[in-house]
Amino acid sequence: MESAQLLIILATAIASATPLVFACIGETITERAGVINLSAEGTVMLCAMVGFVAAKTADNVWLGFVAAAIVGALIALVVAYGAITLKQSQIAIGFVLALLCSDLSAYLGNPYVRIPGPTVPPRFPIPILQDIPLIGPLFFREGDILVYAGYVLIAVTWFYFYRTRGGLTLRAIGEQPAAAFARGHNVIALRYIYTLIGGALMGIAGAAFSLDFKAGWSYRHTAGYGWIALAIVIFGGWNPLRAALGAYLFGMLQSLASVAQSAIPDVPTQVFTVAPFVLMILVLVLTSGDWLDRLLSYLPVNARRSLSRALRTAPPAALGRPFEQD
Amino acid sequence: MDSTAAPQTMTAPARIAGLPPAFYRVGAFVISLILVALIILISGASPVTVIGSMVSGAFGNADQIGRVIATLSPLLLCAAGLVYTFNAGLYNLGVEGQITFGAIAATWVLRLLYPEGATASLLPPPLAIALAVVVGGVGGVLWGLLAGALHVYGRISEIFAGLGLNFAATGIAIYLIFGPWKRPGVASLSGTQPFDESLWLGTFGKTEATPVALALGLIALIVTIVVMRNTYFGLRLRAVGRNLRAAYVLGVPARRQLLSAFFICGLFAGIAGALQVVGVFHRLIPNISSNLGFLGLLVVMLVNFDPLWILPVAFFFSALNVGSLQLPLSLGLESSLSGVIQGLLVLFALLGRGLAQKYGRKPEG
């Protein structure tokens with residue numbers, strides 16, 4: 001394969017992973033604050049429908065994104081209320097919402113199936129950046145404004161997490177909520193806020209599908225993407241940079257599958273649409289869990305330490321646990 | 001949102017003034033019904049007409065009642081199996097894949113015994129069907145234990161191990177349907193070549209309901225009720241679910257207990273998958289599980305993991321599923337409304353439970 005062709009495939013993969021980047025960063029923020037929003041599958045799907053319908057009704061793409069973000073935050077509010085205030089199982093509430101919102105999108109979105117609607121304005125390359133060798137064609141030629149928004153989101157989230165006081169507090173309420181509370185932080189209010197922000201980002205991810213990267217609406221339009229976003233957050237070790245990397249990796253797996261499809265005509269095409277999901281979970285299985293520690297234990301001590309710091313991914317210590325203030 | 005008040009003042013007064021816990025549960029139930037009505041109104045239909053259409057769609061004639069029972073049977077099996085995993089503290093989202101792999105295994109054995117066109121074989125049809133159900137159960141066990149091993153030995157969340165295996169099972173089914181097991185002529189989403197009618201499970205009259213499937217579902221449920229209420233095994237399972245570490249310290253073989261929960265759930269789900277093949281579809285289709293596994297999870301969550309209440313809830317949910325199939329024909333609405341109703345009922349049951357615990361009057365006074 002020619003290198004120019006490869007560059008185009010990779011650039012497409014990076015661009016098409018943009019909705020997942022939004023969803024993964026949203027879930028990473030939520031989980032870093034100690035809350036699991038397992039509703040991602042339903043949130044992304046319902047918001048894809050709402051975003052499409054709102055944009056079509058108002059004839060304005062950006063209003064679609066606003067509506068999707070609001071609905072995403074509202075679903076997150078239900079998760080937050082059930083999990084933080086009522087201290088019920090976050091998994092149970094999130095899972096029920098995942099199914100409920102998927103079905104709701106199918107039921108209410110029925111009149112909008114396969115009709116034309118507004119899409120994000122045409123792609124435009126950034127003048128100077130696109131001429132940088134390799135990086136230009138990979139990141140700045142293919143992309144539209146959402147792709148760039150994705151880059152900004154990754155950078156801003158990383159900076160906020162690791163270079164600001166607010167980010168330090170965010171990580172503290174997910175790791176040691178009692179300590180954060182003792183230092184005067186309102187753990188419950190902050191968890192609400194970050195869960196809502198995360199939900200809004202997942203909502204935007206849905207609208208990014210229906211208004212740009214998978215334009216339009218159909219029955220179960222974004223099936224599977226919410227579940228894979230949840231898996232990528234774990235693969236990314238709750239780090240926004242690595243989560244984004246995971247999203248791009250998944251995009252590449254999908255491109256690879258479409259390339260392999262033409263290369264291996266014996267295997268039915270439908271297999272290649274499922275394969276990336278299976279592979280991604282396989283990668284997750286291989287990188288998390290005990291195997292890695294066991295493998296690392298065969299290495300010399302000094303190599304082991306730096307490698308395990310680079311590879312090991314521990315969840316936030318208080319993830320999924322309600323905070324008892326008294 | 002504004003929970004800036006001092007921690008002590010947040011909960012204490014509410015408890016004193018609390019209403020009986022039942023008030024919150026009933027209140028949450030009523031709100032879920034109002035929301036269902038609202039959603040129907042948003043879709044431009046009248047709730048009364050829609051409910052009427054669903055009732056007649058589920059119980060209008062013998063065919064429809066038969067379809068409700070045909071949905072109920074595998075749902076009972078899945079729900080019964082999920083009682084074990086839930087009580088062990090596991091969210092076995094992999095149940096869908098366990099159904100699918102059971103169906104694949106059952107189809108495999110039937111294709112082996114009766115290759116396309118063959119009408120006679122080593123085993124007469126009734127025995128072949130029985131063997132297919134057993135092999136389906138074994139397939140479900142394999143898929144369940146795989147998720148269990150990943151969870152117990154690999155320390156991977158059972159949720160993601162299960163979801164991954166769901167994708168994998170669907171992938172295998174699709175590969176077989178479009179690849180090695182494709183219909184002579186064109187491969188299509190409608191599934192593999194249907195089996196000869198001699199390999200179909202007998203039904204009640206001309207309906208889709210099969211007595212064998214219903215009997216297996218009821219047996220699984222009764223066994224589960226007895227095991228959870230009256231055996232040491234059920235007690236240990238609950239102990240592991242309540243507090244894994246404490247149970248282990250007190251001498252409960254926790255790993256074995258968790259794996260047996262996956263084993264039993266996989267077995268029941270695999271049998272359900274096999275029954276979908278021999279009793280309902282008579283072939284392998286891509287969505288052979290028909291989302292019954294996820295529906296089973298909802299049922300068991302709604303009854304708060306107590307198997308005694310599974311039968312009425314599962315029957316109601318099956319009726320919703322079948323009744324909603326009428327909606328596209330009679331009112332031009334999407335049949336997903338059943339899922340919306342089921343989801344809202346379970347969501348508000350969970351929220352109502354939480355409200356009752358937080359604000360409800362405590363029994364002692």
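Author: Axes here are lines fitted to C-alpha atoms, for helices over the stretch in contact, and angles run from 0 to 180 degrees between N-to-C directions. The model is predicted. Two packed helices are described by the angle between their axes and the distance between the axes.

The part to look at is helix H12 of chain A, with two of its packing partners. Helix H1 (residues 3-16) of chain A packs on H12(A) with the axes 8 Å apart and at an angle of about 130°. Because of that angle, H1(A) is oblique to H12(A); roughly antiparallel would need an angle over 145 degrees. The crossing of H1(A) and H12(A) is right-handed. On the side of H1(A), the residues that meet H12(A) are A:Ile9, A:Leu10, A:Thr12, A:Ala13, A:Ile14 and A:Ser16. They meet A:Tyr248, A:Gly251, A:Met252, A:Gln254, A:Ser255 and A:Val259 of H12(A).

The other partner is helix H2 (residues 18-32) of chain A, whose axis comes within 9 Å of that of H12(A) (residues 240-263) and crosses it at roughly 150°. H2(A) and H12(A) are therefore roughly antiparallel to each other. Their crossing is right-handed. From H2(A), the contact is made by A:Leu20, A:Val21, A:Cys24, A:Ile25 and A:Thr28. From H12(A), the residues in this contact are A:Pro240, A:Ala243, A:Ala244, A:Gly246, A:Ala247 and A:Phe250.

Elsewhere in chain A, A:Arg114 has phi near 50°, a positive value in a residue other than glycine. A:Arg114 lies in the loop between helix H5 (90-108) and helix H6 (135-141) of chain A. A:Arg114 is exposed, with 8 other C-beta atoms within 10 Å.

Chain A touches chain B through 42 residues of chain A and 45 residues of chain B. Helices H1 (7-16), H7 (158-178), H12 (292-302) and H15 (337-359) of chain B each give two or more residues to the side that touches chain A. H15(B) gives the most, with 13 residues.

Chain B has 15 helices and 0 strands. Its radius of gyration is 22 Å, close to the 21 Å that the globule rule gives for 365 residues, so chain B is as compact as a globular protein of that length. Along the principal axes, the C-alpha atoms of chain B fill a box of roughly 75 × 60 × 35 Å. Buried residues make up 53% of the 365 residues in chain B. Of the contacts in chain B with a separation of 6 or more, 79% are between residues 24 or more positions apart.

One helix of chain B shows how burial is arranged along a helix. In H9(B) (residues 232-242), B:Arg236, B:Leu237, B:Val240 and B:Gly241 are buried. Seen down the axis of H9(B), the buried residues fall within an arc of 140°, so they line one face of the helix. These residues pack against helix H4 (62-87), helix H10 (244-249) and helix H11 (254-281) of chain B. The exposed residues B:Tyr232 and B:Arg242 are on the face of H9(B) turned away from its buried side.

Chain B also has a residue with positive phi that is not a glycine: B:Phe305, at about 70°. B:Phe305 is in the loop between H12 and helix H13 (310-324) of chain B. With 18 other C-beta atoms within 10 Å, B:Phe305 is partly exposed.

How values were computed: Residues are numbered from 1 along each chain as its sequence is written. Chains are lettered from A and ligands numbered from 1 in the order in which they are written. This is a predicted model: local features need pLDDT of at least 70, side-chain atom pairs count only at pLDDT 80 or more; totals for chains, interfaces and linings use all residues. A residue is buried if 20 or more other C-beta atoms lie within 10 Å of its own, exposed if 12 or fewer, and partly exposed in between; C-beta atoms are placed from the backbone. Helices (H or I, at least four residues) and strands (E, at least two) are DSSP runs, numbered from the N terminus. The arc is that of the directions from the helix axis to the C-beta atoms. Two residues are in contact if their C-beta atoms, placed from the backbone, lie within 7 Å. The radius of gyration is taken over C-alpha atoms; the globule rule is 2.2 Å times the number of residues to the power 0.38. Angles under 35 degrees count as roughly parallel, over 145 as roughly antiparallel, 65 to 115 as roughly perpendicular and the rest as oblique. A crossing is left-handed if the near helix is turned anticlockwise from the far one by less than a right angle, and right-handed if clockwise.
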